[in-house]
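Have a look at the model, then read on.

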Amino acid sequence: MARTIKRRSKKAGLPPGTLVHIGERKVEKASVTCMVFDSETITESDISGLDACIPYKDRKTVTWINVVGLHQVEVLEKVGHCFGLHPLVLEDILNTDQRPKMEDYGDYIYIVLRMLENKGNVNGSGVMSEQVSIILGPNFVISLQERPDDEFDPVRDRLRGNKGRIRKMGADFLAYTLIDLVVDNYFAVLESLGETIEDIEDALVADPTPATVHSIHRMKREMIYLRKSVWPLREVISGLQRADTALVQPGTVIYLRDVYDHTIQAMDTVETYRDMLSGMLDIYLSSISNRMNEVMKVLTIIATIFIPLTFIVGVYGMNFEFMPELGARWGYPAVWLVMLAIVAGMLVYFRRKKWL
Amino acid sequence: MARTIKRRSKKAGLPPGTLVHIGERKVEKASVTCMVFDSETITESDISGLDACIPYKDRKTVTWINVVGLHQVEVLEKVGHCFGLHPLVLEDILNTDQRPKMEDYGDYIYIVLRMLENKGNVNGSGVMSEQVSIILGPNFVISLQERPDDEFDPVRDRLRGNKGRIRKMGADFLAYTLIDLVVDNYFAVLESLGETIEDIEDALVADPTPATVHSIHRMKREMIYLRKSVWPLREVISGLQRADTALVQPGTVIYLRDVYDHTIQAMDTVETYRDMLSGMLDIYLSSISNRMNEVMKVLTIIATIFIPLTFIVGVYGMNFEFMPELGARWGYPAVWLVMLAIVAGMLVYFRRKKWL
Amino acid sequence: MARTIKRRSKKAGLPPGTLVHIGERKVEKASVTCMVFDSETITESDISGLDACIPYKDRKTVTWINVVGLHQVEVLEKVGHCFGLHPLVLEDILNTDQRPKMEDYGDYIYIVLRMLENKGNVNGSGVMSEQVSIILGPNFVISLQERPDDEFDPVRDRLRGNKGRIRKMGADFLAYTLIDLVVDNYFAVLESLGETIEDIEDALVADPTPATVHSIHRMKREMIYLRKSVWPLREVISGLQRADTALVQPGTVIYLRDVYDHTIQAMDTVETYRDMLSGMLDIYLSSISNRMNEVMKVLTIIATIFIPLTFIVGVYGMNFEFMPELGARWGYPAVWLVMLAIVAGMLVYFRRKKWL
Amino acid sequence: MARTIKRRSKKAGLPPGTLVHIGERKVEKASVTCMVFDSETITESDISGLDACIPYKDRKTVTWINVVGLHQVEVLEKVGHCFGLHPLVLEDILNTDQRPKMEDYGDYIYIVLRMLENKGNVNGSGVMSEQVSIILGPNFVISLQERPDDEFDPVRDRLRGNKGRIRKMGADFLAYTLIDLVVDNYFAVLESLGETIEDIEDALVADPTPATVHSIHRMKREMIYLRKSVWPLREVISGLQRADTALVQPGTVIYLRDVYDHTIQAMDTVETYRDMLSGMLDIYLSSISNRMNEVMKVLTIIATIFIPLTFIVGVYGMNFEFMPELGARWGYPAVWLVMLAIVAGMLVYFRRKKWL
Amino acid sequence: MARTIKRRSKKAGLPPGTLVHIGERKVEKASVTCMVFDSETITESDISGLDACIPYKDRKTVTWINVVGLHQVEVLEKVGHCFGLHPLVLEDILNTDQRPKMEDYGDYIYIVLRMLENKGNVNGSGVMSEQVSIILGPNFVISLQERPDDEFDPVRDRLRGNKGRIRKMGADFLAYTLIDLVVDNYFAVLESLGETIEDIEDALVADPTPATVHSIHRMKREMIYLRKSVWPLREVISGLQRADTALVQPGTVIYLRDVYDHTIQAMDTVETYRDMLSGMLDIYLSSISNRMNEVMKVLTIIATIFIPLTFIVGVYGMNFEFMPELGARWGYPAVWLVMLAIVAGMLVYFRRKKWL
């Protein structure tokens, strides 16, 4: 988190629209692929060179341009030039610490999402997030990622295989499909986090250690992070649904309502996890108190029984010349009897107090 | 909870509308029953075979189709085909981890509810929930459940017996009746949870143990779960009330207002229970502190009284050759007097401190 | 609370409008009184028999019918029949665990309030609540109570004595007067709770015991209960103010604004009490911690002083044959000096630590 | 707080508009002063007798009537009669536990404010509040106070000295000036509370005692109280700004916006103080825990070192006839060596644990 | 905080619009610089003397007047006179404890921002804030600061160098640029605070001390402070975006949306930091509890093992004449065996309890 913020400040004072990529360089070379399709035909090409603009405008087909790797600013500049993107859009694409948002620029809609991935290892979990920018135009979709992951492969397969209605519908349906994929991914992340939470809970019941608290807090922080990714998504999608624009067609709105539901469900789950983690912290603290209580009881029982006895044997360890009991035959057994009586009394007392 | 989420992720990447049942297979064979009625006649039939579509459209009667068991996807597909349901509706019916919602598809309204049941045993409680989907059309209602429970039997009886106004009114009143039944069921669940909470409270006053805390937390989690089922219901029903549709007639709106009130009341109860459980946790923690305090006092009183005495007897246990007290006649009784004085002083001190 | 809920579930599955009284039978026989008045005349009659409907409709007078005791369902049915009340209204009147609400049925407005009473005894407080239903028609008011309390007597006196403007104005003003009375009653209850809270607070400062915590929690629960009665009242009254109906005349709206203010004030007080009680719990917990701290200090001081001394005297209690100190003349006084020096050092140390 | 409520219940059952002053009698005799001014002339008079109504209506001047002392109900009745005030307004003026509100009665606006004063002494703080009612008519302002304080003197001086624009503008500007004065006073109170909070904070760092907790809680309660006075003020002033009335002229709205800002700022400060006080409570509790920890460590170190040593010397204090060590020359020094070794080991252990 | 408030109360009672600077005198002499530019030309001048008003009105150029140092009230008065500013605006400029706000005065918009700076030293952090007022007119911008910092230098450089579109666009774009600079500065402050938080977190894991708690609380207070600066900013900028005024041109609104996003992001970060700090406090408290637990265990183990042993050796230190064991050959070794058995039993017990 903090690290993300740090980079941002380097841009203070620069004119708006200055293109500086603030993320880490993640691939050697940016790759740009292009799929052009309608319900009958589909062509795929690698246009990383991108010498000339694609003459998408006059076509009735849908053009999907996928850019992977943002550190080569000149590639982005070319794309921006070809599709007439506003400098602020290009700036936002490069500032890869955006919160999810949707901006209607009239000719196109600019959408920022956060793709989540759980890079957790054995010791815990660590949710990584990558910014995915989607630009939805009348007959094109541009998607931009930092890392060459294969999250969009199912969509490519469905396009190639002409499965479902994806080839029959327009660019807005393609954009919906990509958003849907990102949101569906959240459930995979939430699942693995849910498993971690259950593991922590088992550990909490079995043997709560300070490490358990640290795990709970790490999960809580993950939840803060997730929440920041999921929460604004709701506005993004309801913004798309209500958008007073021809870019989103009525037939797609019903599908967006479906993604919206998923978003709410993801949010619900995040909130439930937060509540669960808070409850687990309470359990931990009360189990600590309980254990301390138990430790104190053991100490108190032992000390309360033996301290008076030690006093008594101390009395007859004194070296006074005139101690009549010392010379008595019954002295030693009598002391034992007294001491046993004391012990018995103590035990009764402790049992009444329910300490035993 | 977490388990529910897990299944969901298996669908990531599939085209929307793909029909996969994510619940457990709960009955051997899906059963489909059909009741057709108006104020004068009523016919019942089992149409699990469902060879041909029911010619409900031209009829003035109300058709109620009840589907139990969702794992036979082909049955659902037939129903969807006959009544012209949107693929997303069918998908949502099968994804049995939906939160309650209402969606207006123009020709029909799709409603998702969660039917609750308290499967709690002696050791605590365990609220199970089942997704109930209701599709309200102009003259038909389709209800879909996972498990062959008999929750809807009272409605069938009222239909058969022609009790109340259920036969005189349209499909919307039948849908209302089903929703009302689901909501009324919540009160039964809340009741049994309320009893469990009172039991825990009694245990808390009588003898708070770590198990009590675990019970409180289990109940708190049930409340989180219940809340997720009840809270969105409010929007569902107020959505039905305000729906700008001919499917819900003005005469039924007044009944929906009644269910709405019940929903608010159920929510109120859930919130009250949450508050009570939080208060019980506070009581537990303060009782733990109190007990620790008491334990410490006992230890402190015993130790504070006997440690100085043990020191004194230790002094006269020393083997110095020249200890004038040891040879004195009054030595031994004098030591006892001193020790009794110390004990008396201590007791006065403790009484002043209100420790005794 | 829980008990209230329990009864409700017995109605699950019955058709809406089925009249079953879910409260306890509180009077032997329902009593129905009727006051008919205008600015000049007033007549009172007991119409518990209620053979025929009162011909109120053609009159220009205001008719006030007060029903006490709801277990005789047939009385309510007659009233409902005479005034043309909706079955759901009658059902809600009998379900005496309603939350406050206002429902506009066109011809009349149905209002549910909760009349509070503090039945608290010496050991604490116990707020009881009774459901009061008010039906406001164009020239009649029907009020329904469970118990034969005399809360409405001041209104009767004002009607009989023709005090204030109550006889000069219409049915809506009468309804306002009844609501005002219920709300004014809240202040009496809040007062006595406020006194209890102050008593608890005094006890908290003087001598906090576990019983104090239980009192605080009992009061907190009362507040949860009160809140549920007062909070929805705000909506009820603002609903009446804004109601787009001829039943509430503009001249009365200004008075409703006044009751609304009182409601807000009652809510404010409830919230303030809640905040105060939370603060008192914090004080309790910190006073427990303080006391534990003090106990620990006493133990530590005593133990830390005497344990080393006991060790020293133990050393010279050993029976070695060759212990040169034992034979020395100065041995015994030297040991005393050493021990006094240790005590002095300890005391300086404790004073520096501010433990003494 | 509680006391204020108590008085209120005495009015339950009385007809609305009954004039009973529920505050304490604070001055011997009510005083009524009257200032009539326009931009050129100003006259002042004491009209406590108030035999006849002031013929303010036909004048173009602004009339400001200031009433101090509300227990002489007949004075208020006369004023109410002369200016045609609604009975509910008069009732609210006398019920001096109103929360701030603004009510538009068409011909005039009735405003209730709470004037705060910090009567705190050396031991803490105690914010007192007095109800100030302001009635703004087309060319008159009536202000009513309980106590003869001099808060409005600066306004009188500005009127007499014709400073600023107060004489040039209308009655609404005069009302604004009075409100502004009340709000400005809040900052003085907040200042002195802020100083007290800083003092408590210093005490918390230097030497936290149970008295510190009580101070924190007293301040928290003051904040609850202040909040109740300041919070509704926001609505009052924004209500005046938006009021659809000729009584507030556009030129004054800009000044009201300024008071509104001050109100927000006061609210902000109250919230900040609340946050600070909560934080201070946390610091207190954690410092208590720390101190307990330190006490426990001292006890544990002393006990852990000396208890084993005491055991060892006890061993050689036994009187068995056959204990070979006792007769050995090296016995006594060897025991000392063993004991020194144990002490050294313990010290190393404690240093590793960072207890020393 | 408290100090800021204090100064404010000195103004109570003064007529609105009285110009008194409540900040500290920070520079010797106020400096006023003026930049006049359009896309082709730019002139800079120092007009601290400000003898005559600048004839900016007839020009098509944009005039930017930057005032540093507010204690020379006469300078501000001249500026106010030249540009026709409302007295309340001048008053607000001098009251340098304003919360961020935007006020539309028709001819111009008055904006208050808070410029943050982290003056933190080695021991912690200390965020200072300075009030920056911006007045946006049709073809002029006036910016007013208290301190002669160089925050606006990047803008001057861009103006001089004609970088970006700043010279091509109007006064509203210049105002946007200044706001953008202020908001970008927040990220620098948040960064350094984020680093401090991470340092505290490391300290918390490594070695939590009471000083750590104080650091956490100091950071929490900084967050309260930051929040007060950032939160209202959101309204300021969305107010500018929605402003129904010709002063903000459509081309600039898109840039304001960008600043708005940054504000949201800053707010998000503040909230995240608050959550993190709360979590850290929880960790601290649970680590204190853990340590106390550990201390108690050590004490209990040592005491529980040795107290019984000490009792046993005490028994055989008694001086009774008739103690058969004392004369037995096997007496001494037998006691040792018994004691070893007790120790072994204790160790097994503690291992089962998982204390070892």
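C:Ser31 stands opposite C:Val68, a residue of strand S3 of chain C. That pair belongs to a predicted model, where local features need pLDDT of at least 70 and side-chain atom pairs count only at pLDDT 80 or more, while totals for chains, interfaces and linings use all residues. As for names, residues are numbered from 1 along each chain as its sequence is written, and chains are lettered from A and ligands numbered from 1 in the order in which they are written.

Helices (H or I, at least four residues) and strands (E, at least two) are DSSP runs, numbered from the N terminus. Two strands pair if DSSP finds at least two bridges between them.

Stay with S3(C), residues 62-68, for a moment. How many of its seven residues are buried? Six of them are, so to speak, under cover; buried is the label for a residue with 20 or more other C-beta atoms within 10 Å of its own, with C-beta atoms placed from the backbone (exposed is 12 or fewer, partly exposed in between). C:Val68 also stands opposite C:Gln145 in S7(C).

| Strands | Sense | Bridges |
|---|---|---|
| S1(C) (31-37) and S3(C) | antiparallel | seven bridges |
| S3(C) and S7(C) (140-145) | parallel | six bridges |
| S3(D) (62-68) and S7(D) (140-145) | parallel | six bridges |
| S1(E) (31-37) and S3(E) (62-68) | antiparallel | seven bridges |

In chain E, seven strands make an open sheet in the order S2-S1-S3-S7-S6-S5-S4, with mixed pairing. S2(E) (42-46) and S4(E) are its edge strands, each pairing on one side only. Neighbouring strands are turned by 15° against each other on average, direction ignored. Helix H6(E) lies across S4, S5 (109-118) and S6 (127-136) of chain E, at about 25° to S4(E). For such angles, axes are lines fitted to C-alpha atoms, for helices over the stretch in contact, and the values run from 0 to 180 degrees between N-to-C directions.

Now for how chains E and D sit together. A rotation of 72° with 0.1 Å of shift along its axis superposes chain E on chain D, with an RMSD of 0.1 Å. The two copies are thus related as by a five-fold rotation axis. E:Gly317 is the residue of chain E that comes closest to the axis, its C-alpha lying at 4.8 Å.

Where they touch, 49 residues of chain E are in contact with 56 residues of chain D, contact being C-beta atoms, placed from the backbone, within 7 Å. H7(E) gives the most to chain E's side, with 17 residues. Only 16% of the interface residues of chain E are also interface residues in chain D, so the copies meet through different surfaces.

Finally, how far to trust it? The predictor gives the complex an ipTM of 0.77 and a pTM of 0.82. Chain A averages a pLDDT (the predictor's confidence in each residue, from 0 to 100) of 83, and 90% of the residues score at least 70. Within chain A, H1(A) (2-9) is lowest, at a mean of 48, and S7(A) (140-145) is highest, at 91. Where pLDDT is low, the predicted coordinates should not be read in detail.

Notes
Contact = placed C-beta atoms within 7 Å. Least-squares fit on C-alpha atoms with pLDDT ≥ 70 in both.
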